[in-house]
2 protein chains.
Amino acid sequence: MSLNRFSIPVAQELKAVEERLATQLNSEVFLINEVVQYIIQNGGKRLRPLLTLLSAKLAGYQGEAAIKLAAAMELIHTASLLHDDVVDDAGLRRGKPSTKSKWGNSISVLVGDFFWCKMSQIIVEHGCLKTLKVVTDTITRTTEAEILEITKHSDFSVDEEIYLKVIGGKTAILLSACCRIGAILGGVSEVFEEALKRYGYDLGIAFQLSDDVLDYESEEEKFGKHRGSDLREGKLTLPLIVALRSADTKESHIIKNSLLTGRIESSDLKMVLEIIHKYDGIKETRRLAKHYVERAKTHLDIFKPSLEKESLIALADYVIERDE
Amino acid sequence: MSLNRFSIPVAQELKAVEERLATQLNSEVFLINEVVQYIIQNGGKRLRPLLTLLSAKLAGYQGEAAIKLAAAMELIHTASLLHDDVVDDAGLRRGKPSTKSKWGNSISVLVGDFFWCKMSQIIVEHGCLKTLKVVTDTITRTTEAEILEITKHSDFSVDEEIYLKVIGGKTAILLSACCRIGAILGGVSEVFEEALKRYGYDLGIAFQLSDDVLDYESEEEKFGKHRGSDLREGKLTLPLIVALRSADTKESHIIKNSLLTGRIESSDLKMVLEIIHKYDGIKETRRLAKHYVERAKTHLDIFKPSLEKESLIALADYVIERDE
C-alpha cells in the first residue's frame, strides 16, 4: 500500500523522516545497525508519520519538530511490531521474513526495546510534557490492549464490543495520538485537538477492520502476509465474530476447531470462508469500517478547506478501499 | 539478600514504594494484575529504590517525589528482568519459576512493556525533563549493552575491557542513574551529582562482578538460581575470561565446549570450576570487585557524615561480602 498520493502536502517532510529514522537509530553496536537497516528497508507504509505531519500542518504548524515527532511515532509502531513478532510467533512481516525468524526472539525483543528507547529520547528532547503524556498514556493503553487480546485468545464469547475495545487499544489509539500530537504542535484550541484526535481514532478502527477483511480476502503478494493468518494464529476477528453469531452448531465447531488447532489446510480455510460469507461476516465488517470512515471525516468538518484536509479525507476513504 | 540493615534511614519510604508499586500497576486487564502480584510477591532486593531514596536523602531531599521515582526505577529493573527471561530463556528467577516459564514468552514481553510504560508515566507525571533525560539515556544504554552481550555470545576474544563495558551498560548504569536521580531531586550542585553518579556506577560494577562469582560459588537455595547458570547459558563472565587467559589448549577446550553446548553435567561444571580456581579466576574477580567498592566509597568523601552516607558505604562493602 503506497500512501504517496495522500502525502503531497508533506512529501518533503516525509523524506526527512526517513533520514531521521536512519540517523537516529545509529548505534555503536554493529548488529543493531544491521537489524535497523533490514527493518527500515522493509519499509512499511509510514502511515503514522503521515498522520502526524498532515495533522501538524492542518493545525498550522510549519516547523522542524513535526519531523522528529513523526519519526518517533513510527518508532513506536515498529517497536510494537518487533514485539508482536514474538507474541504472534510471526514468520512473515510485510512479505519478508520477520526479524524474529531471521535473528530470533532475543533480538526481536531487545531491538524493539531499543526502538522504544530511541523514541523516548526524541520526545524527551522535544521537551513538551503534554506530548510526553499523550505518548506514554498511548503506549500504556496499547500494551494493555495487546495483553487483553492474548487473554481473550480462544475466548469465543468475545463480542463486537470487546473486539472494538481491543482494536481501539491496539491500533486506533496510536493513530489518534499521531493526529493529536500534530494538533499540539500547532497549539490549536481544545476543540480542534479533540477533532483530530477523534479523526485518528475512527480512522484506526476502520483501518483495523479493513485489515481483518484483507486477511481473508487479499491476494497474498499484495498483502504481505499469508491469507488466513488471523485464523491460523487463533485470532477471533470481526468477520468470524459476525459469523459465529448466526452459525449453527456444526459451523460453529468448524470455526472454533480451526481457531484452536492452528494447523489449517487450505480446505479448512475454504470451509471457514464459506461460513463467513454465508452469514455476511465480510460484508458486515466492511459496513462497520465504512461507518467509522464516514464518522472520521465528519470530525474534520470544523477545519477550513486545505490540501492537508483533503489528504486526510482521501486517506480515510482509501483505508477501506485498499487491496493491500 | 535482605538489604534491611542499610535501609534504616529510609525504611518508611521503602514501605511506601511497595504500596506505590502495587497501586501503580493496577490494570483493568485481569491477567496483568495476576502477573504483577506474582512478580511483586517474588520480591527482589529493591536495591534500586534503596539507592534512589538514600541518594535523595543524602542530597537533602525530603519530599514525596523520591518515592514515586524509586518505584519507577524498580519498574525499569523488573521490566528488563522480564525481557531477559525471554532473552536468556530463563526457567528460574529469584528461586521461583520465571514469568516466562509460567505464562510464556508473550506475557513476559508484554508485561515487561507494560512495566516500562508505567515507569514512563510516573516520570512524565513527575515532570522534570532532566530526570526524563537521565532515564531515557540510561535505558537506551542498557538495551544496547544487552544486545552487545548477545552479539558477544560465544565470542572467546571478549576481554576484561569489553566485559566491563557490557556489565557497565547492563547493570552499573542503572544503579548510577538511581543515585543521580536522587541527587537531582535534592537540587545539589554538579560536583555532588557527579559523585553520586560515580558511586552508583562503581557499586554496579562491583555488584555484577560479585554476581559472577556467586554464580559459580553460591549455595543454590540462597542465590535463587542454579549454580553454573552463566556457563549453561553460554555467558563468558570474568572468572572464565581470567581462566582463559592462562589456560592451556586442553583446558581452553573444556571451557569453550561447555559454553557452546549448554548441556552441562555436574562433572563438567566441576572440571570448569577446577580450571577457574587453578588460574585464580574467582580470586581475581573478587579482587577487581573490591577495587570498585573502594573507589565507590571514595566518591562519597565530599559528603559530610550522615546516616544515609553510612548506609551507602556499608552497602558497598556488603555487595561483595554477600552470599546470596
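This is a predicted model: local features need pLDDT of at least 70, side-chain atom pairs count only at pLDDT 80 or more; totals for chains, interfaces and linings use all residues.

**Briefing on selected residues, helix packing and the chain contact**

Arg46(B) is buried, because 22 other C-beta atoms lie within 10 Å, and a count of 20 or more is what the term requires.

**Residues in loops**

- Arg46(B) is placed in the loop between H2 and helix H3 (47–58) of chain B, and although Arg46(B) is not a glycine, its phi is positive, at about 60 degrees.
- Asp280(A), which is likewise not a glycine, has a positive phi of about 60 degrees, and it belongs to the loop that lies between helix H14 (266–278) and helix H15 (281–299) of chain A.
- Asp280(A) counts as partly exposed, because 15 other C-beta atoms lie within 10 Å, a number that falls between the limit of 12 or fewer for exposed and that of 20 or more for buried.
- Thr237(B) is found in the loop between helix H11 (229–232) and helix H12 (238–246) of chain B, where it is buried, with 22 other C-beta atoms within 10 Å.
- Once its neighbours within four places in sequence are left aside, Thr237(B) is in contact with Asp212(B), Asp215(B) and Asp230(B).
- Between Thr237(B) and Gly281(B) there are 9.8 Å in space, C-alpha to C-alpha, while in sequence the two are 44 residues apart.

- Met73(A) is part of helix H4 (residues 65–88) of chain A, and it is buried, since 31 other C-beta atoms lie within 10 Å of its own.
- Not counting residues up to four places away in sequence, Met73(A) touches Arg48(A), Pro49(A), Thr52(A) and Cys178(A).
- Met73(A) and Ser108(A), which are 35 residues apart in sequence, lie 19 Å apart in space, C-alpha to C-alpha.

**Helices H4 and H8 of chain B**

- Two packed helices are described by the angle between their axes and by the distance between those axes.
- In chain B, helix H4 (residues 65–88) and helix H8 (residues 160–186) pack at an angle of about 165 degrees, and their axes are 11 Å apart.
- That angle makes H4(B) roughly antiparallel to H8(B), because angles over 145 degrees count as such, and H4(B) passes H8(B) in a right-handed crossing.
- On the side of H4(B), the residues that meet the other helix are Ala65(B), Ala66(B), Leu69(B), Met73(B), Ile76(B) and His77(B), and their partners in H8(B) are Leu174(B), Cys178(B), Ile181(B), Gly182(B) and Leu185(B).
- Sorted by class, this contact of H4(B) with H8(B) has 9 nonpolar and 2 polar residues, and no charged ones.

**Helices H9 and H16 of chain A**

- In chain A, the axes of helix H9 (residues 190–217) and helix H16 (residues 307–321) come within 8 Å and cross at roughly 25 degrees.
- H9(A) is therefore roughly parallel to H16(A), because angles under 35 degrees count in this way, and H9(A) passes H16(A) in a left-handed crossing.
- Tyr199(A), Leu203(A), Ala206(A), Phe207(A) and Ser210(A) in H9(A) are the residues that meet Leu312(A), Ala316(A), Val319(A) and Ile320(A) in H16(A).
- The residues of this contact of H9(A) with H16(A) divide into 8 nonpolar and 1 polar, with no charged residue.

**How the two chains meet**

- The contact between the chains involves 37 residues of chain B and 37 residues of chain A.
- Helix H2 (30–41), H4, helix H6 (105–126) and helix H7 (129–151) of chain B each supply at least two residues of the side of chain B that touches chain A, and H7(B) gives the most to that side, with 14 residues.
- By class, the side of chain B that touches chain A has 19 nonpolar, 11 polar and 7 charged residues.
- Because 100% of the interface residues of chain B are also interface residues in chain A, the copies meet through the same surface.

Technical notes:
Residues are numbered from 1 along each chain as its sequence is written. Chains are lettered from A and ligands numbered from 1 in the order in which they are written. Helices (H or I, at least four residues) and strands (E, at least two) are DSSP runs, numbered from the N terminus. Two residues are in contact if their C-beta atoms, placed from the backbone, lie within 7 Å. Axes are lines fitted to C-alpha atoms, for helices over the stretch in contact, and angles run from 0 to 180 degrees between N-to-C directions. Angles under 35 degrees count as roughly parallel, over 145 as roughly antiparallel, 65 to 115 as roughly perpendicular and the rest as oblique. A crossing is left-handed if the near helix is turned anticlockwise from the far one by less than a right angle, and right-handed if clockwise. Ala, Val, Leu, Ile, Met, Phe, Trp, Tyr, Cys and Pro count as nonpolar, Asp, Glu, Lys and Arg as charged, and the others, Gly among them, as polar.
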